Amino acid sequence: MQVINWDQTGMQLVPAGNACTYHTKNSLDVSVANGDDKRGYTAMLASTASGKMLPLQVIYGGVEGSLRVLPNVLCRATAAAKGFVFAQTPIRAACVNISLE
Amino acid sequence: MRKYIIGMIDSYVRSVVKASNGQLPVDQKAVLLIDCWSVHKNEEFLSWMKEEYPHLIILFVPGGTTSKFQPADTSLNRPFKATVKAAYHLWYAQDVGQQLQGHAVGEVKVGTAVGVMRDLSVGWLLSSWERLNGDASIVKKAW
C-alpha cells in the first residue's frame, strides 16, 4: 500500500534569505540588493512513505494567456529532456506546471 | 486540486500498480496523508474524491501539528529550498565573477528581473528535486 503526502510551499524567485551588506554604522534604511525581494511562486512537494518523490508541480503566477510566464525555450528544453512537462493552466491567473510524465 | 489528483496522484498510483505486473489489483488502495488546508477540506472536493477515487483514502494530519507529523514539513521542504538557494548563490557568484573580468567593481550589475529569475528557477528546482529523489534515505527519514 502506498502512502503519499504532499504540501504546497511558498518559494521566492530571489532566494537570497538573510542577505548581508556593508553600510555606514547606525545608518537607517539600508537597502540590500535583491534581499527584500518578495516575488514568489509555489511548489508542490509530494513524497511517499517508501522513499520516492513524486513529480514536482510548480505554479508561477502571471496573466492568463501570456506567454511571458512560460520559462524560456532553453530552460524548457533542458527540463523537457529530463521528462518534465510544461503546461499552462487557467487557475485564477495563469500558472505553469512542471511535472514529470 | 482536481487536476493535481488526476495528473499526479492517480497517475502515480496507477504506475505502481502497473509496475507490479499483476501483483496489485487495479483498485489497489492508497493513503493520501494531507494537511487541513481549506482546499483539501472543501466539501465539494472531498465528495468528488469519494465518487471518482474510492480507493484513495484521505487521512488528515491534525490541524496545527504539521510541523511534527507532515513529512514535507518535518524534513523535505527545508533541504529542497536550501538546495535551490545554494544554486541561486552559485549562479550569482559566477555572474559577478564573470563581470569582474573586464568591468570595475562599481559597474557590476546582476539582473534579477522576474523573467530572468523564473527561467533560472526551473533548472534549480529540477536539480533540487533530483537530489531528493535520488536519495531515498532522506525521503524515508522524513516519514
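Trainee: What pLDDT does chain A average?

Mentor: Start with confidence, since this is a predicted model. Chain A averages a pLDDT of 68, and 42% of the residues score at least 70.

Trainee: Which element of chain A has the lowest mean pLDDT, and which the highest?

Mentor: Strand 5 of chain A (residues 95–100) has the lowest, with a mean of 49. At the other end is strand 1 of chain A (residues 2–12), with 92.

Trainee: On to the core. Which residues have the most contacts inside the largest nonpolar core?

Mentor: Here's the general idea: in soluble globular proteins, nonpolar side chains tend to be buried together. In this model the largest such core has 38 residues, and A:Leu45 and B:Leu125 have the most contacts inside it. Helix 6 of chain B brings the largest share, seven residues. Domain 1 (2–64) and domain 2 (70–142) of chain B both give residues to this core, so it lies between them.

Trainee: What is A:Leu45 in contact with, leaving aside its neighbours within four places in sequence?

Mentor: On its own chain, A:Trp6, A:Asp7 and A:Thr9; across in chain B, B:Ala72, B:Leu76, B:Asn77 and B:Phe80.

Trainee: How many bridges join strand 1 of chain A to strand 1 of chain B?

Mentor: For strands, check the direction and then the partners. Four bridges join these two, and they run parallel. A:Gln2 has B:Ala30 as its bridge partner, and A:Val3 stands opposite B:Val31. Now follow B:Val31 onward: its bridge partner in strand 2 of chain B is B:Ile57. Strand 1 and strand 2 (residues 56–60) of chain B pair in the parallel sense too, over five bridges.

Trainee: How many residues of chain A are in contact with chain B?

Mentor: 42 residues of chain A, in contact with 45 residues of chain B. Strand 1 of chain A gives the most to its side, eight residues. By type, the side of chain A that touches chain B divides into 24 nonpolar, twelve polar and six charged residues.

Methods
Residues numbered from 1 in each chain as written. Chains lettered and ligands numbered in written order. Predicted model: local features only at pLDDT ≥ 70, side-chain atom pairs only at ≥ 80, totals over all residues. pLDDT = per-residue confidence, 0-100. Core = buried A, V, L, I, M, F, W, Y, C linked by C-beta atoms within 7 Å. Buried ≥ 20, exposed ≤ 12 C-beta atoms within 10 Å, placed from the backbone. Domains from an automatic or database assignment. Contact = placed C-beta atoms within 7 Å. Pairing = 2+ DSSP bridges. Nonpolar A, V, L, I, M, F, W, Y, C, P; charged D, E, K, R; others polar.
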